[in-house]
Amino acid sequence: MAQGTVQVTHTGTSRWRRRTGEYPSLAAALEAAGDGDVLTVAPGTYRENLVIRQAVTLRGGDGALGSVRIAPADGVPLTVRASATLQDLHIEGQDAAAPALLVEDGIPELLDLRIVTRSAAGIEVRGAARPTVRRTTVDNPAGVGIAVLDGAGGVFEECEIVSAGQSGVSVRGGAQPRLERCRVHHASGAGIAVTGEGSALEGIGCEVYEIKGAGLQIASRATAHLSDSSVHRTSADGITLDTDAVLTLSDCDIHDIPENAVDLRSRSVLTLTRSTVRRFGRNGLSVWDPGTRVDANRCEIHDSTGDYPAVWVSDGATAVLDACRVHDVPDALFVLDRGSRADVVDSDLSQVRNTAVSVSDGATAQLDDCRIREASTGAWFRDHGSGGTLAGCTIDAVQTGVIVTKGADPTIERCTVTSPAEAGFYVSAEGRGSFLGCRVTGSGGYGFHVMDGCRTTLRTCRTERCARGGYEFPEDGPVVEDCTGDESRLSGRPAAEAGGVVTATRSGGLLGAVPAPRVTAVAPGPEPAAPVSPSTAAAARSAQEVLGELDALVGLESVKHEVRTLTNMIEVGRRRQEAGLKAVSARRHLVFTGNPGTGKTTVARLYGEVLAALGVLERGHLVEVSRVDLVGEHIGSTAIRTQEAFDRARGGVLFVDEAYALAPEDSGRDFGREAIDTLVKLMEDHRDAVVVIAAGYTAEMERFLTVNPGVASRFSRTITFCDYVPEELLRIVEQQAEEHEYRLAEGSGEALLKYFAELPKGPTFGNGRTARQTFEAMVERHAGRVAALAEPSTDDLTLLYPEDLPELP
């Protein structure tokens, strides 16, 4: 029952005025009213479920928003099925299965409404309805803010979603609304979600922020266009496109996003014009899958807050950047996987902490008339099948201008590298590449540095003022035609004696004095000896024997369980394959975390031996490396060192101790990242040949797993090695004593327990290593005591007493 009355005013000229008057309820007033009538509602709470079927005007009497409350106990508070006008109303709903305001037909005007509800939707528009909604606020922490469904449309102007338990705005079923100067914030789902074929949304001057999901989500053949809008402060990706979605953004600002600013997948298409992407935690643009495409024109991508490339293109996707700026990021553009392509025209890539352009795994990049400056590496073509063209580009103030490695074969035309710290162009590890009309000026190292075994072509290139020389080639060098430099000679080893294999080189201009063809003598040598497997030296142990040794280790119960679980999966998978059944492909690469001396290296050795016994690895041997074994002193040498370490571990386990040291927190231009990138690629290309175990302190290893997008995905699981408790340390001492034919005298065990309990557990504490060092110290003190005895007994020679314990540090 209403707390007020409803005044109905008939607006026609007829003398029939019976509809004019006051009514005790809204339902009664609506029953009496006809098209064109005005219903003025007195302040109060009306607990009625209203259905408007006439083109009437329904408004609050005194114009104060909130003075007229429509708040039934359940059901839909207000349903509109006509071209009515609603103004200055406060609507409340409590039905989780129904909307608070349902618009089913007509072209009504909804003005200055306040919807505070816990309903399925604050406003739901469906079917043939095309409302105009202005200055309306929706607060619905239980459901959707505004839902436009089933072919409906409408215009929403200066509306605000102040909270939503699901999406702020949901468009589906072929609906096509328009949003103008709307604000959507504090939604627990997507800020705006547009889903389904035929569904479309146009947004002008809108703001989406403080969203617990994605800011804007377009999926399943839906389309959207936003202009002069912003998306910021989401907890997931800023904008996501999936499954043939199409989105156009013009003059938009996407910023302060903890994940990807924009993520596209499954043949989605994004057109980005005069827009800014800034302060993002992962990729600014993340583009995946064949048919997926981004076209960015006059855009700016900058100020990454994470350690990921600003633009990521993979799995056959395409990205086009025209007149764009990318700056203040860890890496500017990564293109990887066969079929992936990036076309960059007239763009600036600057202030890049690592690599401006990285091309790998068979991808292609085309850069025309671009400017790269203040980067560690200008462009890096990493491996076989990777290539493309750099044409008319300038690269300035970098460590190395262009790197070509591992069979990559790009074409570099009319490019200039100015003031590189180490090399203008560097080719190694059987890289190829054609360098045509290129120039290097003011290099701190060489202009062109080509390593042995690289089939590279240089034509009409020039070097000037290169500190170590313009050109550095091996004897079996590249093809060089009409190249010049202001250095006195082409740097390289002198020609060998005649009688070998000849690689022809031609030179002209200032290089005319260079000795002509380089000759490399090839002498026959003995065949390399085959590697010795464990079975050739001694009979290999069975898996159960190795696991028995693992079980005999002190402590490490959770570690033993994890290793047995892995080996059981591998063994059952092998048996399923033998039976003709499908077997789950178990990823065998592991992360070991824990403090020093907890048995990580020992378990890694036993793990490799178990895999060899199961036939998973050929040899099962352990190759232990650390940063010093993988990271070189100059560009390119790190990749070579890492490859060599990986090759030594073929058929066994590569154990990378203190792996986090490859990515120090203040890495800057550290070459450790190159080792990680190389290792990740090798793990994928040779997944059945080597098992990689990365080990180190727990907190530091958690950071290590985030330094490269491929690191975490390559390791199947993390095994934590806990510190030894005093009882376990005592057991290690007892084992050492038994192995060396010593015994603990009465009271020594209790003294050791007390000693280990009081021993400081700081950074120098070595767990099992500390236990062994304690035993060695007891043996030394025992020797000093027994040496003074003239005729020591057997007990004197074997018993270790509490007084033999060393002093606590």
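## A buried strand and its partners

In strand E34, Thr276 is the bridge partner of Asp253, and E34 (residues 276-280) is joined to strand E31 by 4 bridges, the two strands running parallel. Strands here are DSSP runs of type E with at least two residues, helices are runs of type H or I with at least four residues, and both are numbered from the N terminus; two strands pair if DSSP finds at least two bridges between them. This is a predicted model, in which local features need pLDDT of at least 70 and side-chain atom pairs count only at pLDDT 80 or more, while totals for chains, interfaces and linings use all residues. Residues are numbered from 1 along each chain as its sequence is written, and side-chain values use heavy atoms, with hydrogens and water left out.

Strand E31 (residues 253-257) also pairs in the parallel sense with strand E28 (residues 230-234), over 3 bridges, and there Val231 stands opposite Ile254 of E31. Because 4 of the 5 residues of E31 are buried, this strand is largely enclosed by the rest of the structure, where buried means under 20% relative accessible area, exposed means over 50%, and partly exposed lies in between, for a 1.4 Å probe and protein chains only.

## An open parallel sheet

Strands of a sheet pair through backbone hydrogen bonds, either parallel or antiparallel. In an open sheet of 5 strands, the order is E63-E64-E65-E62-E66 and the pairing is parallel. Strand E63 (622-625) and strand E66 (717-721) stand at the edges with a single partner strand each, so one side of each has no neighbour in the sheet. From one strand to the next, the twist averages 20°.

Strand E62 (residues 590-594) pairs with E66 in the parallel sense over 5 bridges, and Phe592 has Ile719 of E66 as its bridge partner. Helix H7 (residues 637-648) packs on the sheet, touching E63, strand E64 (653-656) and strand E65 (691-696), and its direction makes about 155° with that of E63. Angles run from 0 to 180 degrees between N-to-C directions, and axes are lines fitted to C-alpha atoms, for helices over the stretch in contact.

## Two packed helices

Helix H11 (residues 726-739) packs against helix H12 (residues 748-758) at an angle of about 130°, with the axes 9 Å apart. That angle makes H11 oblique to H12, since angles under 35 degrees count as roughly parallel, over 145 as roughly antiparallel, 65 to 115 as roughly perpendicular and the rest as oblique.

The contact (heavy atoms within 4.5 Å) is made by Pro726, Glu727, Leu729, Leu730 and Val733 of H11 together with Gly749, Leu752, Leu753, Phe756 and Ala757 of H12.
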